[in-house]
Amino acid sequence: MKEGFRQSMAWLHTWSGLLVGWVLFLVFVAGTASYFRDEITLWMKPELHQAQHPDVPPEVAAGHAVALLQQRAADSPRWFITMPTEREPGVRVSWANPPGVKPKNGRGRFSSAMLEPATGAEISEARETRGGEFFYRLHFDLHYMPAIWARWIVGVCAMFMLVAILSGIVTHRRIFKDFFTFRPKKGQRSWLDAHNATAVLALPFHLMITYTGLLTLMFMYFPAGVQAVYRGDQETFFAEMFPSGGDRNAKPSGEAAPLAAVGPMVAEARAHWGGAPVGRITVNNPNDARATVAITRQIGQATPSMSYNTPTVIFDGPSGRQSKTIGDEPSGAAETRGVLYGLHIARFSSPFLRGLFFLSGIAGCLMVATGVLLWAVKERQKYAKAIAKGGRAGFGVRLVDGLNVAAIGGLPIAFAAYFWANRLLPVGLEARADVEIRWFFIAWAVAAVAGLAWPTRRLWQLLLTVGGTLLATIPLLNAATTATHLGVTLPSGQWAVAGFDLVVCALGLSLLWAAWFVGRRAAKKAAAPRPAPAVGGEMAEGVR
Amino acid sequence: MSAVVWAVVSLVAAFGGFVALSLAMDRHHEQVFGRGAGLPRRRRWALRLTGTGALGVSLAASLAAQGPTQGWVLWCGVLTVAAVGQVLALTCAPHG
């Protein structure tokens, strides 16, 4: 460390941010979208848009779910019932397939169905799609690779992110003096201002989300404590730490015994939590003498706690009597982890707060994007003379330029392709959900290859225009393919569907604005009196 | 009042607070009132006090909206959005 502390931190900030910047951009964009996971899924299942969801007593909804499970899966080893929430109004039931049974409507070991809570009628006509769940998984499991690799990759990137944030705070000398400063149309200056503003103004969010993000997978990244105490037996640790599903390994007795009515158990569990709603019901070994019913509290707006830990009440299946309660008074350590985990997922938040989380997430995306662009803008100035003589910038700059176009220009197109595929593919298509995801990656791959091959200002303009147009016309696509367009959803107050249309359209319009801005700058440069070299690798400068 | 109303009150108060705080800074005072419009000491302190007070009101409204634990989370989000709003306001319409 020959230089001072601040210079060292500046170096650390630059490289810790740049090296993982493009993965972080994907993680930030997918994570931001995941705040509206349920709403995205709803929008992608237009068959459910018009379903009426009156308030149904949870006892009734649970009763309908059990009736269906008795009919479909009486010999299954385990049932799961996810109760309706204000964001997902259907009752979801799933069950572990009995050994040797392979139904067509199942993903491997489990089958599932969606019910109307009031009538118990199956909502079967919804198209097959992963919906918002795809973005949620993409956020930490990436795709086309084993989840465990992806989680290590994302974890390493998040650690770099944390280092970049902390070293960035040290590097930034004028946090308060420049608090409100943004000087547009000044090249590198503007990029730095934009990077500072999106980073500083949403700093509480950035620090929280990066730290809690690492913490969500802490048992994987820091296994030493558990390994030492449990002597390598992680299974036992998890069973003791998170017993919400009841005893997973309980063996059936083999003696048949009818399951008691679930409605009274639901009522009893709610009363135990002071009226808080029920989240999930797990029935282990249904219709066996050793059946147990585990009822967990819902995580969501209706529950006062921010924690992701779920208190559970366990009932004896045949008698319906309460056998024990878990997690009513969690230890300090468990609750700390639960609240930090809960903050990351933000399931507790009201719609207003969710909107603020989403906007902060967008600030994060912009912070990463402006960061990697700023590097290219700065670095290119070292080659300014060479470029003016018609030469080329160095390999590093060209590589970063290419990756920038591929990630920042390409990702909006990938998202748009996913949504368009959802509406354009035939409803009955084989493996439809996977084909939608393939559209996402094919669209991204095309944009990325183009970006790496021709990282020019023209291409920026083209990709931003394509992405912006596809996203901005989403309300039109929705109107053309469903009966629930904005003219219907706005007057009737279907905010989940209308909100998706409006937000995606607004994002598309901002991309179009960016494309227009890039184009205007390009035109100005071309019209400038001194001969401006239209050389590849100099497009990123001064998009704003 | 309902939680949403308190949350909006919190957002408006935070935005107002940041307007006042930014106007207490020479650079932004010039941006809005033009060069040469001096910023007397007394006015600077009045703006700073008003701004800080408004942020306090914003915190109180956040706590009222979302309770004493989640209220702080709400306030962080409100501060972020309000501050970005003021940056954009100064950029897009500097001569208020």
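**View 1. Where chain B meets chain A in this predicted model.** The contact draws 21 residues from chain B and 19 residues from chain A, with two residues counted as in contact if their C-beta atoms, placed from the backbone, lie within 7 Å. On the chain B side, the elements that give two or more residues are α1 (3–23) and α3 (41–92); helices here are DSSP runs of H or I, at least four residues, numbered from the N terminus. The largest share of that side, 16 residues, belongs to α3(B). This is a predicted model, where local features need pLDDT of at least 70, side-chain atom pairs count only at pLDDT 80 or more, and totals for chains, interfaces and linings use all residues. Residues are numbered from 1 along each chain as its sequence is written, and chains are lettered from A and ligands numbered from 1 in the order in which they are written.

**View 2. The surroundings of B:A14.** Leaving aside neighbours within four places in sequence, B:A14 touches B:L55, B:S58, B:V78, B:L79 and B:A82.

**View 3. Two helices of chain A, α18 and α20.** Helix α18 (residues 474–481) and helix α20 (residues 495–527) of chain A pack at about 140°, their axes 8 Å apart; axes are lines fitted to C-alpha atoms over the stretch in contact, and angles run from 0 to 180 degrees between N-to-C directions. That makes α18(A) oblique to α20(A), the class left once angles under 35 degrees (roughly parallel), over 145 (roughly antiparallel) and 65 to 115 (roughly perpendicular) are set aside. Look for A:I474, A:P475 and A:N478 of α18(A) meeting A:D501, A:V504, A:C505 and A:G508 of α20(A).
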